[in-house]
Amino acid sequence: MEKEPLLYRVTPEDLAGHLLRVQLRIAHPHPQGQVLSLPAWIPGSYLIRDFSRQIISLQAECAAQPLSVQKRDSHTWQCEPCNGPLTIEYIVYAWDLSVRGAHVDESHAFFNGTSVFLMAHGLEHERHTVDLRAPSGKRNWQVYTSLPRAVGHPRCAREHGFGAYAAKDYDELIDHPVEMGTPQVVTFKAHGALHEMVFTGVAPNLDLQRIAADTRKICEAQIAFFEPRTRKAPFLDSADRYVFMTMATGDGYGGLEHRASTALMTSRTDLPVKGRAESTESYQNFLGLISHEYFHTWNVKRIKPAAFAPYRLDRETHTRLLWVFEGFTSYYDDLMLLRAGVVSRDHYLKRLARVISMVHRSTGRLKQSVAESSFDAWTRYYKQDENSPNALVSYYTKGSLVAAGLDLYIRHATNNRRSLDDAMRLLWTRYGRDFYRGRPTGIPEDGIAGLIREATGVDVAAFIDRYAHGREDVPLKRLMAWAGYTLQWTTPNGRPSLDVRTRIAHGETHLATVYEGGAAHRGGLSAGDVLVAIDGIRVGGDKSLDRLLDAYQGNDTVTVHVFRRDELRGYRVTLAPPAPTECRLTARESEK
Ligand code: ZN
């Protein structure tokens, strides 16, 4: 153990208090005083999170003598000079039930390295060893992670055991989250590569076999997509397996990608149970999430923007290319469900149409481009408020429409001989395949049009200028028509509208967003108002507003009473006529 440059020991210590004890031993600390820091953000989630605020105590020791440590800024500690070995011991509070942090209780422990592992400055490129210790009284717990076991180490962990694991550098160390506990587990191989699916949280009667069979098809489709000849899984450059870590909760949804694993959160009602074979929309959403995060194994974990090669974890790191990394991934996540055969074409078209409707609902898309939205992700997309639909565009949803548009445009221009697929494969071979094998370069900010042209022969520079750098709507109706699909706008119901997004809480209807220029806006209503009555009839929760509006026609003027804060106010609002806000996509007969 003495020879390791860096050894961390992690022990879930006080499960009811949600504490992790971490000891870091540095054999040869910096002679002028070792500097240590914790990342301010976690790659994949572009918001400064200040994980260091969860370190609730920290001490240092050198040659068994206490050593003074000073805080240098919010994330950074400076030790007094010492000859080593240096031992830092600290306690991390772990009670963040999200895919981004750390969460410990008597049922399990989950952590991301960004919450737990202090970085030793100057030693980032050394081998990092981690000794995972079982909490007392939890001998039945097992360990699930894509972090490789420290083979050859005297305390090397057994398969799924506690003990030593190792990463070749700090960047790798923090890219393999760890789950400990007694989860439900299913494994499968996709093109020969081992995949583990780990489900934490209460999920009775889970149909693990069905989930594994569907996920396997998705993984195989994606591996064959990027490596049609070798069918080699991308993560084998870093780990011997890929791990899907899913936390099932009451109403969670989200995922975070890593180089050989992903942390997911889903509602347990989205997961299929044994004995029921129907394909619900919510299960399709779960498979879409799996497909999305798995696609990131190539697109953003290996094919990266130059700004992320390497990551700078102490500050916001801007790129105008998130529409490529999140938008293209969002386009391919559902497309891969279709290609893998886990959703029908009708279901696929419905899912795509839903995204088109969503993007077109908000006028923010006319004020911000997806390139601008990418750049400002840190302060705008990740800090959304009631006005966001009026002010910004999502580089996920509109980015996926730009990808769809590019794909259709390239297919049309080449008579279906080339597609966006060719561009993705060029990005993979040029930037991704050897990323962790010593060629860590990323795509330059202005590089994407040239790369697509190189892969397909099609000049897409003007297309990208208009629809990704500019704020125009992607002309999907025309592009779809070329490809044999009909895009129509339909009116979802005959009901007039207030042009608001609502949120129901405690049996009351709250205005979550007032759409700019809509009926409520023109009448003076505001986000945050609680609807009390329309023409003197009480508005409750649930579908109460819809039922009341059913009695009216478009352009009728009604009196709307609201509570704004604690003040009762009345407004005259002219209702908007039913509008064609719902996109429908159909294949023309000849294409069926
Ligand atoms: Zn993503």
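**Salt bridges in the model**

Modeller: The side chains of Arg302 and Asp237 meet in a salt bridge, 2.8 Å from N to O. Arg302 sits in the loop between helix 4 (281–295) and helix 5 (322–339), Asp237 in the loop between helix 3 (208–226) and strand 18, so the pair links distant parts of the chain, 65 residues apart. Bear in mind that this is a predicted model.

Colleague: Are Arg302 and Asp237 buried or exposed?

Modeller: Both Arg302 and Asp237 are buried.

Colleague: How many salt bridges does the structure hold?

Modeller: It holds 35 salt bridges.

Colleague: What does Glu159 pair with?

Modeller: Glu159 meets Arg241 in a salt bridge at 3.0 Å, N to O. Glu159 is in the loop between strand 13 (142–145) and strand 14 (163–167), and Arg241 is in strand 18 (residues 241–249), 82 residues apart.

Colleague: And how accessible is Glu159?

Modeller: Glu159 has 37% relative accessibility, so it counts as partly exposed. Arg241 is at 6%, so it counts as buried.

Colleague: Changing topic: which residue does Arg411 bridge to?

Modeller: Arg411 bridges to Asp421, with the closest N and O atoms 4.0 Å apart. Arg411 lies in helix 9 (residues 397–413) and Asp421 in helix 10 (residues 420–432), 10 residues apart.

Colleague: Why does Asp421 count as buried?

Modeller: Because its relative accessibility is 8%, and buried means under 20%. Arg411, at 25%, counts as partly exposed.

How values were computed
Residues are numbered from 1 along each chain as its sequence is written. This is a predicted model: local features need pLDDT of at least 70, side-chain atom pairs count only at pLDDT 80 or more; totals for chains, interfaces and linings use all residues. Side-chain values use heavy atoms; hydrogens and water are left out. Helices (H or I, at least four residues) and strands (E, at least two) are DSSP runs, numbered from the N terminus. Buried means under 20% relative accessible area, exposed over 50%, partly exposed in between (1.4 Å probe, protein chains only).
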